[in-house]
Amino acid sequence: ITGLVCGVLIILNYYVKKATIPLLVIIIAAILLTKVPILHAGFFQFAYEARLDIVVLALLSILWRNYK
């Protein structure tokens, strides 16, 4: 529910900087819980499996840093 509400706030351009913080926490937790265990298979396997999560994390951090 948090992701949905924060996503709608970002789409509507309300409280964008405040809405990105919970989304950053969610994506970091998702990477730690689901992708880090893949590291035992190798770095490239981890990077392949986590590529979308890493892109979302990078875009959210850019949005948080550069928004007014």
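Colleague: Is Asp53 buried or exposed?

Modeller: One reminder before the reply: this is a predicted model. Asp53 has a relative accessible area of 15%. Buried means under 20%, so Asp53 is buried. Asp53 sits in helix H4, residues 51-66.

Colleague: Which residues does Asp53 touch, leaving out those up to four places away in sequence?

Modeller: They are Ile27, Ile31 and Lys35.

Colleague: Now the core. Which residues make up the largest nonpolar core?

Modeller: The general idea comes first. In soluble globular proteins, nonpolar side chains tend to be buried together. Here, the largest nonpolar core has six residues: Cys6, Ala19, Leu23, Leu24, Ile27 and Leu60. Helix H2, residues 16-35, gives the most to this core, with four residues.

Colleague: Take Leu23 from that core. What does Leu23 touch beyond four places in sequence?

Modeller: Leu23 contacts Gly3, Cys6, Gly7, Ile10 and Leu60. Cys6 and Leu60 are also members of the core.

Colleague: Why does Leu32 count as exposed?

Modeller: The cut-off for exposed is over 50%. Leu32 has a relative accessible area of 53%, so Leu32 is exposed. Leu32 belongs to helix H2.

Colleague: And the aromatic rings? How many aromatic pairs are there?

Modeller: A pair of aromatic rings is described by the distance of the centres and the angle of the planes. The count here is two aromatic pairs. Phe43 and Phe44 have ring centres 5.9 Å apart and planes at 70 degrees, so this pair is edge-to-face. Phe43 and Phe46 have ring centres 6.3 Å apart and planes at 45 degrees, so that pair is tilted.

Colleague: Where do Phe43 and Phe46 lie along helix H3?

Modeller: They are three residues apart in helix H3, so about one helical turn separates them.

Colleague: Which of these rings belong to one cluster?

Modeller: Phe43, Phe44 and Phe46 form one aromatic cluster. Check the accessibility of each. Phe43 is exposed at 54%. Phe44 is exposed at 71%. Phe46 is buried at 13%.

Conventions:
Residues numbered from 1 in each chain as written. Predicted model: local features only at pLDDT ≥ 70, side-chain atom pairs only at ≥ 80, totals over all residues. Heavy atoms only, no water. Core = buried A, V, L, I, M, F, W, Y, C linked by side-chain atoms within 4.5 Å. Buried < 20%, exposed > 50% of the residue type's maximum accessible area, 1.4 Å probe, protein only. Helix = DSSP H or I, 4+ residues; strand = E, 2+ residues; numbered from the N terminus. Contact = heavy atoms within 4.5 Å. Phe/Tyr/Trp six-rings, centres within 6.5 Å; stacked < 30°, edge-to-face > 60°.
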